[in-house]
Amino acid sequence: MRIPGRTERRVVAAILVTALIPLVASIVVARTVIARVSATAFQPEFGVHLDRALGVYAELAAAIKQGMRSEADAIVAADPLREAAFTGDAQRLDAELARIIAAHPALVSLRVERCGGDPAGARERGRPVDPAHEKTLTVRKAIARAPGHAAEPGDPALDDGGCDGDARTLVATFAAPSARFDELDAAQAFAQAYHALEREHRKEYLDESYGDAFAALLGATIVLAILAGVLVARPVVDRIARLAAATRPVAEGDLSVRVGLRGDDEVADLGRAFDRMLEELEGSRARIEFLKRMGEWQKMARHLAHEIKNPLTPIQLAVEECHRRYAGSDPAYQRLLQTTLEVVEEEVGTLRRLVGEFSNFARLPRAELEPSDLAEFLREQGERFAAIEEAGREHASDEALLGRVDLEFDVPDVLMPAALDREMLRRALGNIVRNAAQALRDAQRAAPGGGARERPGAAAWGSVRVSARSEGQSHLIAIDDDGPGIDPAVRDSVFDPYVTTRYDGTGLGLSIVKKIVVDHGGTIDVLESPLGGARFVIRLPRAGTPAARAALGAEAFSDGDREPASDGAAPTRPAARGGQAPRGAG
């Protein structure tokens with residue numbers, strides 16, 4: 001298991017403290033409230049008053065019952081009942097019982113029993129007992145014989161079983177409202193529960209149980225806070241660790257490192273900004289290194305132009321003087337001199353052309369950028385190339401290359417603001433388009449019967465398409481052709497000075513193009529075209545972007561003639577492959 005780092009521990013601690021502060025405060029308040037509620041709920045006076053109220057209810061119930069018994073005593077003491085009970089006259093007894101029922105509303109029923117429980121008479125009120133609202137009390141009272149009515153032998157009151165036939169018993173059933181008795185039962189149950197709670201469970205039920213609950217809640221909250229802190233902090237810390245790890249190779253000079261953080265928070269924004277910074281630094285370093293190499297090659301070109309140009313005129317004059325002064329009649333020697341003169345003049349012309357290109361390369365100025373519309377510029381170039389293409393259809397020289405290709409410009413009808421040096425960018429675009437036309441021409445010459453295609457009015461050698469679009473903070477210019485393309489082995493060095501894939505090329509054209517693009521704050525890459533040939537992609541910054549401001553700042557800072565030092569590589573001229581010259585630098 002990975003040990004949490006300092007940042008992770010701090011985040012966890014912050015979350016833990018944030019969770020504990022309100023929890024501890026709530027526990028303190030809750031314990032205070034519980035203590036007060038407990039002290040209030042279990043005041044000794046509460047129990048005393050509760051017992052007194054219960055005593056009042058008990059006395060009331062006892063008084064009601066005692067009243068019923070007293071009422072029964074009064075009934076059995078009345079002479080009419082005593083006389084009717086012992087006369088043996090059932091009608092008289094029934095009439096007396098009915099009178100008594102009517103006189104005592106609390107009675108439910110009256111029954112007079114002989115010895116042994118046999119009924120002598122009975123009477124009930126007109127409605128049955130309602131158990132939901134009434135409570136009953138049955139009272140048994142002995143009925144004494146009325147004075148002057150003593151039993152005699154042969155009296156039916158004496159039974160054959162030896163029982164005292166003179167005994168009569170009144171069974172009186174009384175009914176009273178049950179509300180008071182129900183209240184008494186409830187009060188007794190409540191009082192018993194209260195005293196039991198007060199005696200045995202006061203501290204445990206209130207103080208300890210709630211205290212334990214809050215302690216458990218505190219522990220669970222601490223655990224959850226730690227887990228939440230780890231879950232929240234770990235992704236952030238891991239991404240920060242990845243960002244920190246990426247800075248170490250950068251400090252050692254490796255600008256190819258990328259963090260690639262995902263998400264929409266501040267750390268992800270920092271990672272993306274870090275990656276963009278590395279891309280800009282990598283591009284800036286590549287541009288600086290290229291410009292340093294270009295500066296060294298420009299110095300070499302200036303030196304070569306100077307060293308080659310100086311002996312050209314004496315050599316040509318010397319050969320011409322030898323040819324002019326020979327007055328002999330030897331035809332063979334005369335032809336030798338003439339051939340020598342022609343060879344020297346041709347080679348001197350080639351060297352002069354090379355010296356001119358070296359001089360132009362050495363004097364290549366820095367771009368002077370001004371706000372402009374790239375789309376408008378490209379449309380103007382399309383019209384210009386169309387005019388050159390139309391004029392070139394009547395000629396067969398190398399200057400009329402565009403007359404042999406189908407040149408198409410695909411430019412959107414929108415504003416594409418950028419900082420441009422129109423003249424320099426026109427030169428760069430012209431170099432690439434002419435290179436494409438030359439590659440198509442060379443491919444046709446190398447093909448069987450290809451020479452016939454060079455006649456004026458002949459069919460086109462191929463297609464060249466220039467397209468533009470905006471993408472992010474950049475404008476893209478793509479130049480595609482359907483020629484043989486560029487060998488992948490040459491693509492990495494095709495923009496280096498003096499690197500060419502054509503026998504008659506100097507290897508400076510694409511170097512000049514790249515320097516112009518770099519001066520604009522852009523980049524250029526060579527790829528495989530969807531048309532099957534080569535694709536050159538120029539990426540220029542939009543106006544107002546950091547790259548555009550950096551290019552304008554560099555242009556303003558430069559004095560226009562500064563030549564940076566470089567560690568340029570030696571010139572190379574890779575040979576063409578497959579019997580034909582693939583597309584390359586001219």
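Okay, a bit of housekeeping. What we have is a predicted model, so local features need pLDDT of at least 70 and side-chain atom pairs count only at pLDDT 80 or more, while totals for chains, interfaces and linings use all residues. Residues are numbered from 1 along each chain as its sequence is written, and side-chain values use heavy atoms, with hydrogens and water left out.

So, the overview. The protein has 13 helices and eleven strands; those are DSSP runs numbered from the N terminus, with helices being H or I of at least four residues and strands E of at least two. Of the 586 residues, 37% are buried, and buried here means under 20% relative accessible area with a 1.4 Å probe, protein chains only. Now contacts, meaning heavy atoms within 4.5 Å: among those with a separation of 6 or more, 75% are between residues 24 or more positions apart.

Let's go to the four-stranded sheet. It is open, antiparallel, and ordered β2-β1-β4-β3; two strands count as paired if DSSP finds at least two bridges between them. Because β2 (119-124) and β3 (134-143) are at the edges with a single partner strand each, one side of each has no neighbour in the sheet. Neighbouring strands are turned by 15 degrees on average, direction ignored. For angles in general, axes are lines fitted to C-alpha atoms, for helices over the stretch in contact, and angles run from 0 to 180 degrees between N-to-C directions.

Zooming in, β1 (residues 107-113) pairs with β2 over five bridges, and Ser109 sits opposite Glu124 of β2. Two helices pack here. Helix α3 (residues 79-87) touches β1, β3 and β4 (168-177), at about 70 degrees to β3. Helix α4 (residues 90-103) touches β1 and β2, at about 35 degrees to β2. Buried residues in α3 include Leu81, Ala84 and Phe86, and just after α3 comes Gly88 with a positive phi of about 80 degrees.

Over to the five-stranded sheet. This one is open too, with mixed pairing and the order β6-β8-β9-β11-β10. At its edges are β6 (405-410) and β10 (523-528), each pairing on one side only. β6 runs parallel to β8 (residues 462-471), over six bridges, with Val405 opposite Gly462. Helix α10 lies across β6, β8, β9 (474-481), β10 and β11, at about 145 degrees to β8.

What about the inside? A nonpolar core is a set of buried Ala, Val, Leu, Ile, Met, Phe, Trp, Tyr and Cys residues joined through side-chain atoms within 4.5 Å. The largest one has 62 residues, and Leu374 and Phe536 have the most contacts inside it. Its largest share, nine residues, comes from α10 (residues 422-446). Leu374 touches residues including Met416, His475 and Leu540. There is also a second, separate core of 31 residues, and Ala84 and Tyr194 are among its members.

How many aromatic pairs does a search of the whole structure find? Three, where rings of Phe, Tyr and Trp (its six-membered ring) pair if their centres lie within 6.5 Å, and planes under 30 degrees apart are stacked, over 60 edge-to-face, the rest tilted. One is Phe495 with Phe536, edge-to-face at 6.1 Å centre to centre and 85 degrees between planes. These two are 41 residues apart, Phe495 in a loop and Phe536 in β11 (residues 534-541), and both are buried.

Note on methods
Buried < 20%, exposed > 50% of the residue type's maximum accessible area, 1.4 Å probe, protein only. Lists of a residue's contacts leave out its neighbours within four places in sequence.
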